[in-house]
Structure formats: structure tokens, C-alpha cells
Amino acid sequence: MTRNNRLKGGLINRDTSLNFTFDGNSYSGFEGDTLASALLANGVRLMGRSFKYHRPRGPLTAGSEEPNALVELRSGGRQEPNTRATVAELYDGLDAKSQNRWPSLERDVMAINDRFSNFLTAGFYYKTFMWPKAFWEKLYEPIIRKAAGLGSLTGEDDPDLYDKGFLHCDLLVIGAGPAGLAAALTAGRAGAQVILADEDFHLGGRLIAETGALTDISGADWVTQAQAELASMDNVRLMPRTTVFGAYDHGIYGAVERNADHLAVPTEGKPRQTVWRIYSKRALVATGAIERPIAFENNDRPGIMLAGAVRAYANRWAATPAQSVVVFANNDDAHQTARDLMAQGIKVPAIVDTRADAPDVEGTEVLKGAEIINTSGRLGLTSVQVQLAEGYTRDLYCEALAMSGGWNPNLGLTCHQRGRPIWNADIHAFVPGDGLPVGQIVAGAANGEMTTDAALKSGAAAAVSALDDLGIPATQAELPTAKDAPVSLSPFWHVKGAKRAWLDYQNDVTVKDVKLAHQENFISVEHLKRYTTLGMATDQGKTSNIGALAVMAELTGKSIPETGSTIFRPPYTPVSMGALAGRAVGRDFHPTRLTPSHKWAEEQDAVFVEVGNWMRAQWFPRKGEIHWRQSVDREVLQTRSSVGVCDVTTLGKIDVQGANAAAFLNKIYANGFAKLPVGKVRYGLMLREDGVAYDDGTAARLAEDHFVVTTTTANAVLVYRNMEFVRQCLCPEMDVQLISTTEAWAQYAVAGPNSRKLLQKIVDPEFDLSNEVFPFMACGEITVCGGLRARLFRISFSGELAYEIAVPTRYGDALMRKLMEAGEEFDAVPYGTEALGVMRIEKGHAAGNELNGTTSALNLGLGRMVSTKKDCIGNVLSRREGMNTPDALALVGLKPVDAKDAVPAGGHLMNKDGPIDAAHDQGYVTSAAYSPILNSSIGLGFVKGGFDRKGEHLRLVNPLEGQEVLVEIVSAHFVDPEGEKLRA
Amino acid sequence: MIINHPLLGPRDAQEFTYLGDATLINRPDWQSDNAAQAFHDYLYLRDNPAGEHRELWFHEQGDRSWLVVTRNTVTHEILSVEMARDVAKAAAAERSAQ
Amino acid sequence: MRYSALKLIKEAVTGHKGWTPQWRDPEPAQAYDYVIVGGGGHGLATAYYLAKEFGAARIAVLEKGWIGGGNVGRNTTIIRSNYLLDGNEPFYEFSLKLWENLEQDFNYNAMVSQRGILNLIHSDAQRDAARRRGNAMILNGSDAELLDTEGVRAMYPFLNFNDARFPIKGGLLHRRGGTVRHDAVAWGYARGADMRGVDIIQNCEVTGFRIENGKVLGVETSRGFIGAKKVGVSVAGSSSRVMEKAGMRLPIETHVLQAFVSEGLKPFIPGVITYGAGHFYCSQSDKGGLVFGGDLDMYNSYAQRGNLPVVEDVIEGGISLIPALGRARLLRSWGGIMDMSMDGSPFIDKTHIDGLYFNGGWCYGGFKATPASGYCFAHLLKTDRPHDTATAYRLDRFMTGHMIDEKGQGAQPNLH
């Protein structure tokens with residue numbers, strides 16, 4: 001079936017032959033080919049199937065606006081669905097498969113849909129599949145889902161790398177056609193920082209697709225010259241294979257560079273694609289124009305293409321879709337297609353021109369005032385039926401049709417900030433209107449300048465004016481001459497009376513669908529799009545929106561601009577999600593923060609857990625321990641009976657200094673700090689301004705004007721931000737400075753009855769740690785291990801005699817090792833976050849599960865801490881009635897009545913008798929643990945009016961997991977409620 | 001977006017953390033007779049304009065300045081950027097002058 | 001006209017000549033009993049239920065553009081009843097029950113598809129929170145299942161179980177949650193309301209309220225004054241702008257939320273997946289597009305478009321969770337403007353102006369609430385009493401201290 005449709009000339013390198021396969025068949029092409037051009041050259045027109053009716057399709061275009069020729073490229077984890085064959089650069093070994101068909105592209109059983117198209121009109125699914133009710137999910141929807149979709153992912157992980165980068169420039173030129181090249185040369189020669197980006201792998205745009213674009217030099221030769229000059233300039237960055245996909249605020253553009261899609265596999269260690277964020281002072285949109293099709297009966301057969309695309313395939317790629325090509329157009333531009341094809345020996349049986357006054361073309365017949373009213377050929381065009389001006393019909397045998405309804409400026413990027421295009425009656429197309437992104441200008445065909453001559457000049461002029469804005473003097477580059485005249489065009493959108501004339505090829509939206517939408521009052525353009533799915537396909541309606549608007553305008557009797565316009569949204573063309581994710585995937589999704597003693601903990605075989613971005617040791621299994629509880633219980637018991645050490649470096653630490661430091665802390669904490677003596681630590685509770693408790697920690701006064709604040713690990717960033725807010729925005733007059741020192745200090749909790757003895761071994765002897773000199777809640781700057789500066793805080797989260805000791809980060813590892821070495825005689829254990837959690841629950845300390853963003857100081861049993869005698873963040877609103885009801889939630893301890901029962905965190909509490917439902921909810925369990933001291937599961941939780949309900953039995957229900965447990969409300973302080981141990 | 005930091009020059013907005021309306025600088029007097037109402041209005045009610053909006057941004061990945069940015073919420077155009085501390089000081093001076 | 005398979009077949013063989021407008025485009029009358037401002041999902045649902053369930057007549061819906069053009073036409077189509085707090089969960093459960101019978105009720109296939117929503121768990125604290133939430137859901141009559149890692153793997157083997165920065169430790173599965181064809185919701189309500197005599201008036205912008213002696217008399221519009229006994233405002237992201245015309249300041253900020261869709265793909269993701277360690281959730285539409293979203297752009301905005309950092313943030317989460325998505329392509333992104341309230345929960349309430357009612361503050365969760373919001377707002381408009389499931393949605397709750405803060409983020413709208 002393959003046939004040689006390769007022509008002479010073109011910008012392909014015939015010295016480099018490339019082998020490839022499509023649906024398992026082998027072909028060859030040349031360097032410079034796209035998959036589509038190579039397939040056409042091999043005589044293959046059928047490349048895909050449409051979405052809804054599974055109609056056989058070939059390429060419509062030669063660019064990124066392609067709706068039809070979509071394939072699955074590559075295989076396995078690299079399989080890329082919906083790849084446009086028209087822009088897929090050919091490489092040796094390329095393998096592609098057609099998609100959305102079964103069992104084969106030629107014989108697709110789902111093409112049965114086409115037979116039933118009369119039933120499958122726009123929005124048909126909204127009107128049926130409702131009965132019986134259960135059938136939608138069980139029967140109808142699964143069938144629809146299976147039939148829908150285009151290409152497929154394999155589900156395998158994508159093995160390729162992606163990268164991101166940042167670029168800055170004076171002028172970003174988007175599109176390297178005549179306007180873009182003229183602009184880049186002008187700006188480059190003026191010394192401006194220029195980026196020239198083009199989605200194509202070959203610069204030049206239409207200059208390399210036309211035979212006579214320039215007068216004195218071939219377009220391709222001039223492009224080569226211009227490219228060489230630009231490449232020689234240090235201030236110009238040429239970016240072929242780069243799609244600028246989005247215009248964002250303040251001159252920022254998103255672009256994706258396809259570094260390796262033209263290779264079989266990316267070079268080892270190099271990215272497949274790179275997403276660039278380009279910061280431009282000015283951006284020139286020189287994205288050219290997109291040709292529009294004409295709607296007529298069966299206008300979607302393989303071989304029916306846009307005239308400009310046929311020309312591009314012939315001139316640039318030396319490929320023709322067929323040996324016999326009819327042209328159908330409403331304008332002169334398409335006549336050039338006939339001339340170019342005939343010059344290559346391709347038969348052009350006729351040009352069918354809708355205009356009665358169309359000019360003649362030498363070498364073929366121009367059927368003036370004629371229309372194509374039908375076509376034949378199931379898997380590829382075989383003939384077209386022409387309605388002549390005289391009223392007769394005539395069949396023309398041809399295997400391709402080059403059609404043109406005129407050209408639309410390619411507006412994508414001009415609409416990304418919701419700018420509305422306006423109608424230009426001269427060219428019968430929308431052009432950029434107001435509301436362009438700030439700093440954006442448009443030139444060339446994108447701006448409705450539809451000749452090469454105008455494009456060159458407007459590109460150069462736009463560059464001069466943009467640079468002028470920036471104060472960079474520039475003169476227009478000398479440009480080659482082009483003598484093309486504006487194209488004569490007579491609007492023609494669709495052949496009347498067609499039963500099925502395609503507007504949106506991919507989504508199978510026909511003129512009839514637009515008529516139905518109109519009939520049912522989906523007249524607003526947005527309703528039309530949504531009801532018919534027009535423009536929702538992978539091409540975003542680049543070739544279809546305008547035609548549908550024109551049909552709707554006819555139906556409503558309004559003009560096209562009165563009917564509406566549609567805007568385009570980013571991205572300009574679809575962008576690989578892998579590229580947008582870049583490197584921040586897998587293990588590198590977020591940074592990983594390690595404490596200074598992480599390596600030491602690894603050596604102890606610690607099990608680690610993610611805590612925000614930190615990795616913390618969760619427990620330290622010893623030989624023979626097969627269940628995590630064995631390790632945790634041992635760590636708790638050993639700490640409570642002797643001494644344990646826990647890495648608490650991840651706690652937030654904020655240095656507060658200045659004459660007003662105490663007054664400042666008084667403002668940010670609910671409780672008072674003004675009178676805290678030097679050398680003392682105080683527990684502090686922070687409220688949000690709405691009176692809800694959000695963080696707790698300690699503040700240690702190291703000097704009259706110097707405090708160290710600690711926060712929870714989770715809130716370190718937030719607390720610091722809020723403190724800076726209070727400092728800069730609420731108390732700007734205060735003399736106080738803040739800095740986060742979280743990463744400057746390594747900090748360890750040393751807890752247990754032997755903690756003092758252990759510390760005495762490493763703290764330098766001049767510092768007295770006795771209970772008299774360094775009592776509970778004392779703090780001080782000390783030295784350890786013979787002069788290493790350190791900070792010591794006598795605070796306790798476990799409820800034991802305990803300290804936290806901090807040393808500069810770089811000594812953290814050494815200190816940990818030293819502590820464990822010195823602790824050998826006490827059989828000191830390291831303990832992880834699990835044991836830490838068990839001990840704080842035993843002690844009844846609130847943590848993140850209790851400070852959940854909805855609980856007040858009152859709920860936490862800390863109501864009295866909120867001072868009414870001073871101003872602090874949150875105190876006024878904490879007094880609102882709804883937060884102070886008698887049955888407010890209260891933090892209590894919960895103990896199973898039967899010690900064998902577990903107390904699941906997240907269980908809800910119900911009265912001992914009565915219904916179990918939301919209306920009778922008494923509260924919930926926030927934290928739970930097994931207490932090896934009490935030999936029982938225990939929990940903390942909030943209970944309505946719970947402070948006065950000690951001793952009451954409740955049912956703890958966990959219907960999620962089918963549990964129900966009888967629990968008793970007890971004090972939250974399970975261990976040492978009087979606090980004797982920590983004061984020992 | 002790009003925020004032109006008064007001290008550091010143009011910076012990508014991604015370096016900043018957004019808080020909201022700059023009226024959050026004008027915290028009411030906790031001892032006033034209508035403190036409950038005043039704090040309610042201060043914390044919860046917003047003009048929420050479609051147009052110019054003075055708002056607080058924190059240069060979290062930078063110098064940790066709070067900034068007052070005047071920005072159009074329809075176009076995202078930024079009209080001015082001030083140090084929040086300067087704004088707060090000026091507001092305090094105005095209050096004490098009254 | 002009643003839609004049915006039979007009707008479709010009849011029209012197919014007779015050239016589709018019998019289909020009539022799904023709603024009329026009437027000229028506004030001089031006055032109505034009820035004027036609903038806002039022709040989005042909530043406004044249209046309100047009119048529908050007012051007419052159908054509460055027997056009200058003389059109802060108009062005023063829409064400044066085209067109906068369904070706000071957030072009902074630009075969301076990620078998820079419905080669910082998986083809330084934690086008592087102020088919310090009964091309302092969303094009521095809404096889900098209305099969804100379950102919606103299509104038969106309004107005779108329009110909105111493709112309600114209870115595909116299941118899985119919220120992933122990545123830490124012990126998240127599991128505790130999921131247990132509390134799942135139990136709250138069950139106690140309120142909804143459904144929930146707690147899955148372990150293997151349970152999640154069995155459902156979604158392509159999630160990242162190999163080199164995840166935040167390993168998947170389980171999930172909370174809400175089987176009755178799912179997706180709905182969003183535009184069809186607006187059209188179905190519009191058609192149902194229109195059939196019951198409601199005037200849906202497009203291209204009619206409300207420019208002011210006529211208020212005398214503390215009572216609303218009607219609205220000034222771009223098409224002239226329209227009298228009304230009661231006016232219900234349901235305009236989502238435009239809430240502050242509209243209510244400002246009645247002299248009210250609201251506990252609402254307007255923010256932009258981007259949403260995304262990939263190119264059409266053969267079935268890959270059967271249900272809805274929500275990442276617990278990044279800003280990403282995803283489902284796949286019946287057409288094959290992956291529909292996904294993440295976090296707000298964070299700054300106040302009425303622009304209906306966002307910026308690149310959030311696009312990247314969302315997709316970083318997506319690829320981290322589902323590495324195979326690297327080869328799929330982002331087709332389109334768009335932005336909706338969200339009426340972010342101060343505690344993340346909505347308002348369905350009277351105002352201090354007699355006859356003026358407000359419905360808003362839906363944050364980015366308004367779509368799933370559409371049926372119940374319409375029903376409860378209709379109930380309030382008709383009876384002047386809140387519906388049983390919507391008693392907590394008061395405008396004065398911040399004054400009294402009865403916040404409904406699901407996320408526990410306090411008075412910062414962009415964090416909800």
C-alpha cells in the first residue's frame with residue numbers, strides 16, 4: 001500500500017535516512033521530517049480516529065494546531081499519548097501507534113458510532129441514560145468511559161528527567177517567522193537581551209513553507225542567514241523546539257523546551273524537557289496565523305487538509321499527500337498551493353473557488369462560484385463532488401483536497417489574561433484587542449498583518465518601539481523585500497445544506513450540532529462550547545471555534561463579533577506534566593531536613609518518620625525486638641527509671657533581643673512574661689487573634705534583653721512569621737529584634753531521674769546543676785566538654801526530672817555521642833518520637849492533636865493562663881460567648897474500664913446510655929498510647945463539660961472500625977499529677 | 001507576579017507569603033468600650049474590593065520584611081510597595097496626633 | 001418536554017426538529033415575589049426548589065452574563081459528604097442525598113457518578129484525624145472506610161509506593177462521593193425552573209438595591225428596576241461586590257483557584273484521589289480528561305486566572321503521587337474566583353435588611369453543596385426559618401464565637 005509521495009527539494013537531509021514504525025509497519029524518512037510528513041511521503045494518509053464517531057482521519061495541518069493525526073509515541077513508561085504526528089520530529093527507531101481504535105486503525109469496531117450519529121447528537125447524553133437509576137453507574141457510564149478518551153498511559157513510571165530554569169530578557173520574541181526574525185535581528189543588533197523562541201525545530205515559520213515568500217532570496221536561505229547572525233550575538237538566545245505556553249503576570253512567560261524529544265532516548269543524565277520561567281521586560285507575540293477549514297459534507301476524510309499545510313508539506317518536507325490534489329478555497333492564497341504542487345508534477349484537477357470572480361490559475365481549471373458538496377473514500381479520499389455555479393454537479397477524482405477558508409491570527413497568548421479579541425472586517429478574522437498582558441505587543445500575522453512584507457516590517461517596528469520603551473535605542477534591521485499583496489478573501493464558512501459538515505474535527509462537532517444548540521437556546525458562545533464540546537479537544541479549537549461562531553451568527557442573524565468571541569487559556573499547546581513538575585518529584589518532592597545527629601541515629605538502626613520536612617527518629621529497635629511496641633515501651637520505662645535522650649533539634653527556636661523584648665513576649669503570649677526573671681523559663685501559650693490556641697512552647701530569659709523562644713516543630717515557620725507581623729505591623733515602636741535560630745542550635749532532651757547525674761558528667765564543673773542552684777524552670781548559658789558553649793534549660797515534656805541542652809549545630813552529633821557515652825553507666829537510652837509521645841500523653845501535655853486549631857485555652861484547661869490584665873493577641877476575642885459555654889469541650893484523660901481495651905484516637909465519645917449518633921456526641925479522643933507504666937491503653941480527649949465529669953463512664957465508639965469501648969474520664973495527668981518528679 | 005521590594009528590588013512573588021488586607025495593621029484598642037465589636041470587625045470583615053487593594057505580604061524566603069503592597073485585584077497590577085513597618089509607624093503617629 | 005430514550009429515538013428519526021429551548025429568554029417583568037441574584041448553580045437551584053418544593057410563584061433569576069458561567073461551570077466536579085464538624089456534615093449529607101436522586105428529580109442526566117473519593121493518609125496524626133472524621137461521617141449517616149496501605153494499593157496500584165517522599169500509610173474512603181457533569185447541573189436546574197415558570201434573565205446585571213426604611217423593594221439592574229418582595233443573593237466570588245451595594249461588609253475574601261484538565265486519556269483513574277502530603281487531587285471525566293486541582297493562588301483576586309507557581313506546585317504533587325502522569329499533558333488551566341469565608345464555611349442567612357437574604361462564602365467547596373444550598377436557601381426565603389441542616393450558617397457567628405472551622409486555620413480565608 002505504500003507509495004512514494006516524496007517530492008524534490010525541501011529542507012530534509014536526504015543523506016540521513018531514518019527508519020521508523022507506525023502500527024508495526026516499517027517505513028523510512030529523512031532527518032528534518034516529522035512523523036506526519038514521513039508518513040505522507042510513504043503514502044500513508046490514515047493516521048487516527050476521531051473522538052466520538054471514530055471516523056478515519058489523516059492530518060489536517062502541518063503544525064501544533066493538529067486535531068486529527070494523534071498517535072501514541074514510544075512505549076512502556078515513555079509512551080506518550082495524543083502526540084501530534086505533525087510536530088513529532090522523526091528520529092531513527094521511532095515507534096508510534098494509532099489510538100482510540102480497536103482492533104486496528106483500518107477496522108475499528110467503535111466506528112459503529114458513526115452509523116448512529118443521528119442519535120449521538122450534541123448533548124444527547126443529557127437526555128437519556130436516566131432509567132433505571134442504577135444503570136447509569138453500572139451499565140451506561142462504564143461503556144461511555146471505555147469508548148471515550150484518546151490515547152493511553154501505560155501506568156508505568158515515566159523514567160525521564162525534567163528540569164526547570166529561569167531566564168531574564170529585555171525582549172522575548174515568540175515565534176521565529178518573518179515578524180519574529182525581523183524583531184530579533186533589530187533588537188539583537190541594538191544590543192538588547194533577546195530571547196527568540198519557536199515551537200518548531202526549524203526557525204522560519206511560513207518563510208520555509210513558501211516558495212516565493214521573498215523576492216531576492218529564498219525564504220529558507222534568508223532564515224539561515226538570519227539564524228547565523230543571531231546565533232553569533234552573545235545577547236541573543238535562540239530557543240528552537242521551545243513553546244511559550246503561557247503569559248502570566250508582570251511579563252512572566254512559561255515556556256517548555258523539548259531538549260530530547262527528537263532523540264530516541266534522552267542523553268544519560270540530561271532532561272527530556274525543560275520548563276523555563278522567562279522574565280521579560282517586553283514580549284513580542286509573533287505567532288503567525290492558523291488557517292481555517294471550510295465545513296462541507298464529509299469534509300473530514302483522510303487526505304482533506306488545509307491548503308497551507310499541503311503547501312508546507314510539499315515545499316518544506318518534499319512530501320505530498322497524493323498525486324492528485326483538488327483545491328477548495330475562498331481566497332487567492334490557496335491558489336499558490338495548486339501552483340506549488342503543479343510545479344512538482346502533482347496533478348491538480350481543479351481549483352474549486354467559492355468566489356464567482358476568482359482569478360484564473362495557469363495549468364488548472366478554476367471552478368468559480370463552486371462548492372464541494374460531498375466527498376467519497378472510507379479510509380482516504382477518492383473523489384469530491386462539486387456543485388458548479390451553473391447548477392450542475394461534477395465529480396473530481398483526487399486523493400487529497402487542499403482547502404482554505406482564510407487565516408486567523410494565532411491569538412493564544414494574547415488572551416491569557418482574559419483579553420478579548422476584536423473583529424477585523426478587512427481580513428474577516430479576530431485580531432488582538434484590548435487587555436493584552438502588560439508589556440506584550442503583537443506583530444505580523446498574529447496581529448492581522450497578513451503579508452510577508454507587512455510581517456517583516458511590523459516585526460522590526462515592534463522591536464524598535466519595545467526597546468524605545470526601555471530606553472534602548474534601536475533602528476529597524478535591514479530586511480529582505482517581499483512583494484506579496486494582501487490576499488483577497490470572501491468570507492465562506494460552510495456549504496449550506498450539508499447533513500454532516502465538521503467544524504471541530506477531533507470532537508466530532510458538526511454544523512448540525514451548532515444548529516441543535518441554537519434550537520435549544522445554547523446560544524451564548526460559552527454555552528455552545530460546553531453543550532457541543534466544541535473547542536474542548538486537545539487543539540483547544542484552534543481550527544474550529546471561528547467556524548462554529550460563524551454558523552451561530554447566521555442562525556441568530558447577528559454578526560460574528562456580536563455573537564461572541566472565544567478566548568484561549570494557557571497552555572497554548574498541551575504541556576507534559578512531567579516537565580511542569582520538573583525535579584520536585586519522588587524523593588525530591590520536598591526538601592528533606594536532617595538533624596545533626598541523624599547519622600548517629602542511623603548507626604543505631606533508628607526507624608525514621610517524616611515530621612513536616614524533617615526526618616526524626618521514631619524509635620531505636622534493639623536486637624531481638626520484633627514489634628515496635630517492644631522498643632517504645634523499653635525506651636519509656638528506661639527513661640522513667642533512669643535516663644533517656646531525645647533529639648529535639650526540630651523544635652522551632654527564635655532569638656528575641658532588645659530593650660522591649662519582655663514587653664514584646666507579653667504581647668504574643670497569652671500569659672504574662674514581663675516579670676520573668678533572668679535565668680528562668682516559662683511555659684507560654686500563643687493564641688491566634690481569634691482566641692484559639694495555636695502553639696505552645698517555652699521562653700527562656702537569658703538576659704534582661706534576651707529571650708529564647710521555642711515553638712513546636714510543626715509551627716516553627718508560622719510562629720516566626722506571626723511574631724514578625726506583631727513586631728513590624730503592630731508594635732513598630734518597640735525595640736526588639738527576632739531571628740530564627742532553629743538551624744543554628746542542636747537540642748537534646750535529657751530526661752529521667754538520672755538526667756542530672758548524666759549531665760554533670762559533661763557540663764563543665766563550674767556550673768552547679770543542683771536543685772537549689774538550677775531548679776525546675778531554670779535556664780542558663782553554660783559550657784560543656786571543656787569550654788563548648790551551650791544552653792541549658794530545665795524543662796520537662798516527659799514529666800521527669802529533665803533538661804534540654806543546646807549546642808551549636810555543628811557540635812550536635814558530637815554531643816549526642818558524648819551523652820550516650822557518658823550515659824553508659826546509667827544504661828541511658830536514646831528515645832524517639834513515639835516514646836516522647838507516650839510520655840507526654842502520660843503527663844497530659846497537649847500537642848498538635850490537641851492544639852488542632854479549633855481549641856481555646858479554656859478547652860485545654862489553660863483558661864486561667866489567658867491574662868485579662870494585659871493586651872495580648874487573642875484575648876479580646878477569646879471571651880466570646882460561643883467559646884465560653886458551660887458545656888465547652890474540656891481536655892481530659894480517658895482510661896478503658898477494662899485495661900485490655902485499646903483507646904483509639906479519633907474515636908467519638910457517647911454517654912454510657914442512649915443513642916449513638918452525631919446529635920449525642922460528647923466529644924472525641926485526640927491522642928492515644930499504650931502506657932507501659934500504667935499497663936493500660938490511655939488517651940487524651942475533649943469531652944463536653946469534661947472538667948466536671950471526672951469518674952464518669954462513657955462509650956468510646958469507633959464505628960469506622962467496628963469498635964466500642966467503655967472508658968472512664970480521668971485527669972489528663974496520668975503520671976505524677978503533683979509534679980514532684982520534675983521538681984526533684 | 002513580581003513584587004518590587006523597597007530594599008531588595010524586584011523579587012518573584014513566590015518568595016513571599018500572603019496574609020491579606022493591610023487594615024490588619026490597625027489593631028483596635030483592647031480596652032475600648034466596644035472592643036468586642038471592634039475586634040470582630042477588624043479580624044473578620046473585609047472590603048474585599050475588585051480593584052485597588054492594600055495588602056500584606058511577608059518576604060519569608062528573603063529578608064523577612066512585611067510589606068504593604070497596593071495591587072489591583074482585577075488586573076494584578078502592582079501600584080506601590082511599602083515597608084509595613086513604615087506604614088504602621090505612620091498609622092500610629094496619626095492615631096496619637098488625633 | 002420530558003426527556004427520555006424514547007424521545008431521543010423519535011427525534012433522531014425525525015430530524016431533531018422537536019427539541020425546544022431548554023430555558024426561555026424572557027423579558028423581565030416589573031416585579032416578582034422572589035428575585036434571585038446570580039444564575040449560577042446555587043441561584044438556579046434555589047429558584048428550582050422554590051418553585052418545585054415550596055410552591056412559590058413569580059420567581060426570577062438575574063444573571064449578569066450567561067447562566068452557569070461562574071464556579072458551577074469551572075470547578076473540578078466533585079461531590080462528597082465527608083465533613084468533620086456537626087455544623088457542616090448534616091448539610092453536606094443532605095446535599096449528597098439530593099444528588100443521588102437529582103437526575104430523576106429534574107429529568108436531566110447530570111452524570112452523577114459515585115466513583116468514590118479516597119483521601120490519602122501519610123502520617124499517624126493524619127490517621128487519627130481521618131478516624132475522627134470518618135466516625136463523624138458515619139455518626140451523621142454518611143459512609144466512610146479506613147484503608148491501610150495495602151487497601152490503597154489494591155485500589156490504585158500506580159500510586160507512588162516505591163520512592164515517595166511522604167509514603168502512603170492508608171486512606172479514608174468515601175464510596176458515595178464522586179463526580180458530576182458540572183455544566184449539566186446548571187442546565188438541569190435552569191430547565192427545571194423554567195418549566196415551572198421561573199424567569200431566567202441573562203445579561204441582566206444587578207447594579208443596586210432599592211431599600212426603604214430597612215426593607216428591600218427590589219433591585220436596580222442593567223435592564224431597569226425590578227421589584228421584589230424578597231431578594232436572595234447567591235453570587236459566590238462576587239458576594240462582596242454585590243452586598244456592598246446594600247451597604248454590607250462581609251466576612252469574605254475573593255481568591256482565585258486554578259483548575260486543570262489533561263488531554264483525553266483512556267480510563268486510568270476510576271475514582272477521586274486526594275493527596276495528603278501535597279496540593280493535588282484528581283479524577284477522570286467520562287470524556288477521558290484528568291481533572292485536577294490543588295491550592296489557591298493565595299492572594300485576593302477577581303481575575304479568573306492564576307499564575308505559574310501554583311500550576312507547578314499542583315503538578316509537582318501530581319507526579320510525586322502518580323509518576324506515570326509525567327507522560328500525560330496538561331491541556332488547559334483556568335481560574336475561578338472563590339468566596340473564601342473566614343472559617344471556611346458558608347452562610348445561608350437573612351441580613352439586617354428586611355427581605356434581603358444572603359447565600360455565599362462557599363470557598364472552593366460550593367459545587368457539591370449546590371442542591372442543598374438551593375434547597376435550604378429556598379426554605380429560608382419561603383419560611384424565614386433556616387432549614388434544619390443549615391442552622392449554623394449564620395452571618396453573626398464570628399460575633400458570637402460559633403465558628404465552623406473544619407481545617408482549624410482561623411480567620412485567614414486563603415488557608416481554608
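User: How many salt bridges does the rule find across the interface of chain A and chain C?
Analyst: Happy to start there. This is a predicted model, where local features need pLDDT of at least 70, side-chain atom pairs count only at pLDDT 80 or more, and totals for chains, interfaces and linings use all residues. Side-chain values use heavy atoms, with hydrogens and water left out, while residues are numbered from 1 along each chain as its sequence is written and chains are lettered from A, ligands numbered from 1, in the order in which they are written. With a salt bridge taken as a side-chain nitrogen of Lys or Arg within 4 Å of a carboxyl oxygen of Asp or Glu, the interface of chain A and chain C has 13.

User: Which residue of chain C meets A:Arg688 in a salt bridge?
Analyst: The two side chains come to 3.8 Å, N to O. The partner of A:Arg688 is C:Asp405.

User: What area do chain A and chain C bury between them?
Analyst: Contact (heavy atoms within 4.5 Å) takes in 122 residues from chain A and 120 residues from chain C. Buried area is the accessible area (1.4 Å probe) that two parts lose on being put together, summed over both. Here 54% of it is on carbon and sulfur atoms, and the total is about 10,200 Å².

User: Which strand of chain C is joined to strand β29 of chain A?
Analyst: Strands here are DSSP runs (E, at least two residues) and helices are DSSP runs too (H or I, at least four), numbered from the N terminus; two strands pair if DSSP finds at least two bridges between them. Strand β29 (residues 575-576) of chain A has 2 bridges to an antiparallel partner, and A:Ser576 stands opposite C:Arg329. That partner is strand β16 (residues 329-341) of chain C.

User: Which strands stand at the edges of the open sheet that holds β29 of chain A?
Analyst: The order is β29(A)-β16(C)-β12(C)-β15(C)-β14(C)-β13(C)-β4(C)-β6(C)-β5(C), 9 strands with mixed pairing. Each edge strand has a single partner, so one side of each is left without a neighbour in the sheet; the two are β29 of chain A and β5 (145-147) of chain C.

User: Which residue of chain C is in contact with A:Ser152?
Analyst: A:Ser152 lies in the loop between α3 and β8 (162-174) of chain A. Its side chain makes a polar contact of 2.8 Å with that of A:Glu72; such a contact is a pair of N or O atoms within 3.5 Å, where within protein one must be able to donate a hydrogen and the other to accept it, and residues adjacent in sequence count only if both atoms are side-chain atoms. Leaving aside neighbours within four places in sequence, A:Ser152 is in contact with A:Glu72, A:Gln79, A:Pro81 and, from chain C, C:Lys266.
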